[in-house]
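Welcome! Let's get to know this protein together, one question at a time.

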Amino acid sequence: KAGQLPAAFKIDQPDYSMNGSYIAESSKIIYKREITLKKTWMPKQNFIKWNSDIDKLNEFYNNQLVITK
């Protein structure tokens with residue numbers, strides 16, 4: 001049984017998008033993540049935002065998943 005699930009994560013930028021979620025269904029916990037690169041090239045000035053969003057994605061990855069009996 002899931003005691004507490006981390007909040008869903010979503011970032012949508014012109015060059016990329018990132019989504020992540022945990023869903024509790026009966027006796028299962030479903031983890032989904034998606035990273036989409038909308039363009040094959042990113043201007044150098046967008047790297048600061050990209051790095052900031054990667055930090056947010058890492059925070060989502062490091063969230064605790066609490067499971068109880």
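Q: In this predicted model, how far apart are the mean positions of the positive and negative charges?
A: The protein carries 11 positive and 7 negative charges.

Q: In what order do the elements of the protein run from the N terminus on?
A: Let's begin with the parts: the protein has one helix and five strands. Reading from the N terminus on, the elements follow the order β-β-β-β-α-β.

Q: What share of the 69 residues is buried?
A: A residue counts as buried when its relative accessible area is under 20%. Among the 69 residues of the protein, the share that is buried comes to 22%.

Q: How much of the accessible surface belongs to carbon and sulfur atoms?
A: The accessible surface of the protein comes to about 5500 Å². Of that area, the part belonging to carbon and sulfur atoms is 52%.

Q: What share of the contacts with a separation of 6 or more comes from residues 24 or more positions apart?
A: Here we look at contacts in the protein with a separation of 6 or more. Within that group, residues 24 or more positions apart account for 54%.

Q: Which residue meets Asp-12 in a salt bridge?
A: The count for this model comes to four salt bridges. In one of them, the side chain of Asp-12 meets its partner at 2.5 Å, N to O. This pair links distant parts of the chain, 26 residues apart, with Asp-12 in strand S2 (residues 9–12) and its partner in the loop between strand S4 (28–37) and H1. That partner, partly exposed at 43% relative accessibility, is Lys-38.

Q: Which residue forms a salt bridge with Lys-39?
A: Lys-39 lies in the loop between S4 and H1, and its partner sits in the loop between S2 and strand S3 (16–25), so the pair ties together parts that are 24 residues apart in sequence. The closest N and O atoms are 3.5 Å apart. Lys-39 is partly exposed, with a relative accessible area of 48%. The partner is buried at 8% relative accessibility, and its name is Asp-15.

Q: Is Asp-53 buried or exposed?
A: Asp-53 is found in helix H1 (residues 47–61). Leaving aside residues up to four places away in sequence, Asp-53 touches Phe-9, Ile-11, Gln-13, Tyr-16 and Met-18. Its relative accessibility is 0% and the limit is under 20%, so Asp-53 counts as buried.

Q: How far apart in space are Asp-53 and Gln-13?
A: Gln-13 is one of the residues that Asp-53 touches. In sequence the two are 40 residues apart. In space, C-alpha to C-alpha, the distance is 9.6 Å.

Q: Which residues do salt bridges that share partners join into one network?
A: The side chains of Lys-56 and Asp-53 meet in a salt bridge at 3.9 Å, N to O. Lys-56 is partly exposed at 37% relative accessibility. Both Lys-56 and Asp-53 lie in helix H1, three residues apart, about one turn of the helix. Through salt bridges with shared partners, one network joins Lys-49, Asp-53 and Lys-56.

Technical notes. Residues are numbered from 1 along each chain as its sequence is written. This is a predicted model: local features need pLDDT of at least 70, side-chain atom pairs count only at pLDDT 80 or more; totals for chains, interfaces and linings use all residues. Side-chain values use heavy atoms; hydrogens and water are left out. Helices (H or I, at least four residues) and strands (E, at least two) are DSSP runs, numbered from the N terminus. Buried means under 20% relative accessible area, exposed over 50%, partly exposed in between (1.4 Å probe, protein chains only). Contact means heavy atoms within 4.5 Å. Accessible areas come from the Shrake-Rupley method with a 1.4 Å probe; for residues, only the protein chains shown count as cover. Lys and Arg count as positive and Asp and Glu as negative; His and the chain ends are not counted. The place of a charge is taken as NZ of Lys, CZ of Arg, CG of Asp or CD of Glu.
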